[in-house]
Amino acid sequence: MHRTRRIFAGTLAGVACVALITGCAVGTGGGDDSDANYDADAELSGSLSVMGFSGVDEVATSRQELAEQALGDVDVKLIEGDLDLQQFLSAVASGKPPEIVYANRDQIGSLAARGAIVPLGNCIDGEGIDTGVFVPAALEQVTLEGEVYGIPEFNTVQLTMANADLLSAAGLTVEDVNGSDWEAMSEANLAMTKASGGGLSVIGYDSKLPEFMPLWAKANGVDLISEDGRTAQLDDPAVVEALEWAVSIYDDQGGFSAVKAYRDSADFFGSGNQFATSVLGAMPMEQWYVNVLNDVSPDAPMAFDTVHARGGETLAYASGSAWAIPAGSANPEAACRWARVMTSTEAWEAAANARIEVREGEGKPFTGILTGNSEADQMIEGMVTSGGEPWDTAVAKMYEANGSTFSLPANPADAEFKTALQDAVNSVLNGQATPEEALAAAQETAQSALDDAWANLESGN
């Protein structure tokens with residue numbers, strides 16, 4: 001699995017950045033003209049500056065080498081560090097953007113609406129990119145008004161991860177905490193929670209708010225935004241019920257602040273992590289954490305399952321990254337070639353082989369990579385090596401989850417929408433509002449932002 005924690009660590013900061021600068025015009029939605037600048041027959045030359053991507057491991061560098069070979073004499077320059085949205089938008093506004101940018105998929109809608117990135121129709125046709133191989137939820141997240149604005153790379157899903165010893169001691173199994181029965185999960189939370197010395201000593205269950213609110217809403221049968229990305233549904237009674245339940249998990253353990261303080265004290269990426277030290281019963285978590293646990297605490301008493309909706313079906317909230325071409329890119333042909341090769345099945349095969357070589361050298365199993373490319377995923381699943389239980393189950397559940405994903409649709413106000421949602425959840429967690437009050441206020445804010453953004457997009461402003 002590819003460790004993508006840097007993407008998630010930057011998501012909230014990126015959302016806040018976009019929200020702060022939405023009043024500063026970058027473009028006027030003139031993407032069609034910019035897209036027309038792509039020439040499929042052009043001979044590649046010049047340079048390609050890449051923003052937001054760093055070749056930090058063998059999964060990245062193996063694909064990068066193939067991309068550079070495909071670009072021939074083009075001089076590739078990686079701009080160090082994660083994507084800085086303010087820096088990127090300033091570069092676009094100044095007329096000197098990078099040739100290609102690596103962004104979170106949930107940023108694509110806002111960037112496209114602002115004219116900061118261009119539609120990729122000509123690029124896709126010219127390079128022969130088969131969009132049918134991409135995970136549907138990933139492709140939907142980079143598609144605005146029927147135009148594809150990003151080439152998906154990597155996919156992230158959630159698994160139910162649990163401490164098998166704590167489950168067993170409480171007379172439970174992982175099925176009791178996989179999401180299919182919220183009453184059972186509340187009871188399991190109480191059964192595993194322990195306190196000593198006036199504070200928590202074991203967190204029974206962590207519902208992972210605010211970041212997984214979309215997951216719990218969907219598990220309760222409702223989308224936070226309509227399929228066309230125009231109508232907020234934050235005040236839907238099913239969303240209110242989902243937030244009430246997810247918050248009650250913390251209330252039953254002394255409140256969110258108590259759980260968060262104890263959670264934050266754990267050695268999350270080290271051998272003293274909360275599962276290895278048996279101070280956490282269960283939580284939903286992104287699949288890359290399986291590899292962390294296998295690396296630093298292979299003997300931890302783990303149990304894995306997918307996350308389930310209340311109806312019992314497997315469910316996962318998909319997120320990840322994508323390649324996009326900025327408006328005014330000086331070398332769109334090289335940028336498109338780079339995006340095609342980096343996300344191709346051949347490149348992912350090379351990445352998997354590189355990762356297998358490293359894992360074999362460490363005496364550890366290869367646990368797969370989720371790519372956003374369904375064809376590549378199927379191939380790589382067949383390359384996985386056994387690590388014994390419970391790790392083989394974790395890998396199987398990862399691929400099962402990857403086949404049952406959803407995402408929030410791209411929309412021109414995705415940053416403002418997510419800020420409204422997160423602010424609402426945080427206000428409830430902090431005791432400042434009830435779920436119904438917070439979501440009603442968030443609904444008004446989010447819908448207003450959507451209405452304004454769609455109106456601006458359709459008027460060409």
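Predicted model: local features only at pLDDT ≥ 70, side-chain atom pairs only at ≥ 80, totals over all residues.
# Briefing on helices, strands and backbone features

Helix α18 is mostly covered, with 12 of its 16 residues buried.

- Helix α18 runs over residues 414-429, and because 16 residues at 1.5 Å a residue should span 22 Å, the 23 Å between its end C-alpha atoms agrees with expectation.
- The buried residues of α18 include D414, F417, K418 and Q422, and they also include A415, A420, L421, A424, V425, S427, V428 and L429.
- After α18 comes G431, whose phi is positive and near 75 degrees.
- Helix α19, made up of the 25 residues 435-459, reaches 35 Å from its first C-alpha to its last, which is close to the 36 Å expected at 1.5 Å a residue.
- In α19 the buried positions are P435, A438, L439, A442, Q443, A446, Q447, A449, L450, A453, W454 and L457, and the buried residues of this helix pack against α5 (108-113), β4 (143-144), α11 (237-251) and α18.
- G460 follows α19 and has a positive phi, near 85 degrees.

**The pair α3 and α14**

- Two packed helices are described by the angle between their axes together with the distance between those axes.
- The crossing in which α3 passes α14 is right-handed, and the contact is made on the α3 side by A60, R63, Q64, L66, A67, E68, A70 and L71 and on the α14 side by A334, R337, W338, V341 and M342.

- I100 is placed in strand β3 (residues 100-104), and I100 counts as buried because its relative accessible area is 0%, under the 20% cut-off.
- Although I100 and A335 are 235 residues apart in sequence, their C-alpha atoms are 5.5 Å apart in space.
- Not counting residues up to four places away in sequence, I100 touches L48, S49, V50, M51, W323, A324, P326, A335, W338 and A339.
- Q158 belongs to strand β7 (residues 158-163) and is buried, with a relative accessible area of 2%.
- A polar atom of the Q158 side chain lies 2.7 Å from the backbone nitrogen of Y317, and Y317 is also listed among the contacts of Q158, with F212, L215, M285, E286, V307, A316 and A401, once neighbours within four places in sequence are left aside.

**Cis peptide bonds and positive phi**

- The peptide bond from L209 to P210 is cis, with omega near 5 degrees, and P210 lies in the loop between β9 (199-205) and α10 (213-219).
- The peptide bond from E389 to P390 is cis, with omega near 5 degrees, and P390 is found in the loop between α16 (374-381) and α17 (391-402).
- F154, a residue other than glycine, has a positive phi near 70 degrees; F154 is in strand β6 (residues 151-156) and is buried, at 3% relative accessible area.
- S278 is not a glycine, yet its phi is positive at about 55 degrees; S278 sits in the loop between α12 (256-264) and β10 (280-286), and at 25% relative accessibility S278 counts as partly exposed.

Notes: Residues numbered from 1 in each chain as written. Heavy atoms only, no water. Helix = DSSP H or I, 4+ residues; strand = E, 2+ residues; numbered from the N terminus. Buried < 20%, exposed > 50% of the residue type's maximum accessible area, 1.4 Å probe, protein only. Polar contact = N/O pair within 3.5 Å; in protein donor to acceptor, adjacent residues only side chain to side chain. Contact = heavy atoms within 4.5 Å. Expected span 1.5 Å × (residues − 1). Left-handed = near helix turned anticlockwise from the far one by under 90°.
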